[in-house]
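Let's walk through this one together, a question at a time.

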Amino acid sequence: MAYDINVLTIVVMAALGAICAYLANQNLAVFHDGLRPVYTQYLNGAMDRKTLFATSFALSIGLVVGFGIPTSIAGTIIIVHTVMLSCDMIGTLFQEKTGKWLATAVGALFAVALLFGMQTIMNLFEVLPINFTDDLSSVGALIIVAFSVFPALAVAYQAGFKSGAVVLLLTMLVKQVTVVYGSFTFNSVNVALNPDGMALLFAILAMVFVAARSSKGEGSETADAFAIFSANIDRIKQNIFILGISGGIVAIATTLLLIAEGPASLVLTVEGQYNEAAMVALGRAMGFIPLVMTTAIVSGVYSPAGTKMVHIPAILLINAGIMGLVGSFVIGALIMVIEVLLLGFIARGLDKFPGMKELGDNTRTAMSKVLDIALLVGGMLAANAIAPTLGYIWVIGLHFLNQSSPKPIPSMAVGPLGAITIGLLVNVLHLIGLFPQ
């Protein structure tokens with residue numbers, strides 16, 4: 001794995017698991033965006049604790065097992081869903097009045113077990129007759145290239161095919177111009193612009209520009225609409241201190257390479273492209289702001305990672321030493337506090353400018369589709385590198401079988417899972433003489 005196991009990382013991981021489980025147990029914050037609105041029923045007394053836990057389990061277990069763990073193993077950093085969705089389940093498992101500290105302790109133990117467990121799995125892979133761990137890196141090979149496509153796709157959803165096509169062509173043009181003219185010397189300093197980073201930056205700016213043009217003010221009626229949920233906003237603001245601590249812990253865990261906010265930034269972070277990873281994290285955060293804000297307002301329950309903005313400075317402070325870790329915690333906490341303080345203001349703004357709210361929905365859909373393809377093809381490349389005779393057929397077969405399964409795993413997980421399972425399969429074939437080394 002990309003992280004080190006030492007006293008500091010163990011303590012931070014335990015703190016992360018503990019605070020996420022505590023927040024879920026006390027009905028203050030959960031990571032799953034679909035679980036947040038369910039809390040309205042629970043807090044109103046229309047749902048009991050067992051049903052809340054069952055709902056949390058049903059929503060999250062597939063993502064943890066099918067997406068979080070395979071993607072974390074393939075990427076060598078624990079994807080944040082693995083920890084936080086599990087802590088959602090742990091927190092809702094125990095009663096908030098009698099099981100607060102038990103849930104907190106179990107959350108901490110789980111996170112530490114995950115820290116060691118991931119490394120143990122990687123160590124086991126490395127002692128197999130056919131070591132395929134190096135080839136797993138190919139799973140994310142296309143994410144960096146493909147991710148700059150999602151803004152054009154989001155624009156197409158929002159403003160039509162022609163607008164999306166124009167943004168796509170301009171994105172390609174920006175990348176090609178950067179490839180040709182992106183390296184130069186300024187005052188004896190060699191400057192080399194990253195073509196993928198520049199293309200993504202342009203595409204995101206174009207996406208925001210299109211969304212802003214389609215926004216129209218709607219007067220003061222929206223303020224009255226949000227006044228209905230003012231009690232929920234006040235409930236979140238009352239817990240601003242612990243939410244700030246949560247933001248700081250999430251940030252420092254990101255800086256220590258313990259967690260990554262998503263598959264794309266995970267790959268870039270592992271490759272040391274921190275600026276590009278932060279830019280990708282910014283793009284994802286923009287897509288999640290409307291969803292996190294609106295679900296928080298209607299439920300009175302926030303997210304332990306907020307709008308995911310806390311990850312951006314945390315990524316940029318990797319390798320910044322002790323001051324970087326301290327800075328990451330402080331900045332992460334401040335971002336979380338600011339988010340909470342601005343909750344009502346941002347929500348009203350999103351409703352006043354429907355184009356920006358629609359942008360968030362379109363951005364999440366576009367990113368999901370792009371990552372689905374990138375991880376599927378990446379999984380095929382990795383599987384083929386591990387087993388040139390079987391890799392493609394295995395992952396393609398899994399992809400289509402998953403579509404016909406009564407309980408399909410998230411499509412984003414098929415590629416990483418296919419690469420890992422083909423690695424295990426060739427070791428079995430090797431033991432019976434059907435796959436020479």
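Q: Which residues is Asp88 in contact with, leaving aside neighbours within four places in sequence?
A: This is a predicted model, in which local features need pLDDT of at least 70, side-chain atom pairs count only at pLDDT 80 or more, and totals for chains, interfaces and linings use all residues. Residues are numbered from 1 along each chain as its sequence is written, and side-chain values use heavy atoms, with hydrogens and water left out. Taking contact as heavy atoms within 4.5 Å, the partners of Asp88 are Ala24, Val30, Phe31, His32, Leu35 and Ser56.

Q: Which residue has its backbone nitrogen 3.0 Å from a polar atom of the Asp88 side chain?
A: Asp88 has a place in helix α4, residues 80–93. The backbone nitrogen lying 3.0 Å from its side chain belongs to His32.

Q: Which residues touch the most other members of the largest nonpolar core?
A: A nonpolar core is a set of buried Ala, Val, Leu, Ile, Met, Phe, Trp, Tyr and Cys residues joined through side-chain atoms within 4.5 Å. The largest one has 115 residues. Those touching the most other members are Met13, Leu16, Phe150, Leu258 and Tyr302.

Methods:
Buried means under 20% relative accessible area, exposed over 50%, partly exposed in between (1.4 Å probe, protein chains only). Helices (H or I, at least four residues) and strands (E, at least two) are DSSP runs, numbered from the N terminus. A polar contact is a pair of N or O atoms within 3.5 Å; within protein, one must be able to donate a hydrogen and the other to accept it, and residues adjacent in sequence count only if both atoms are side-chain atoms.
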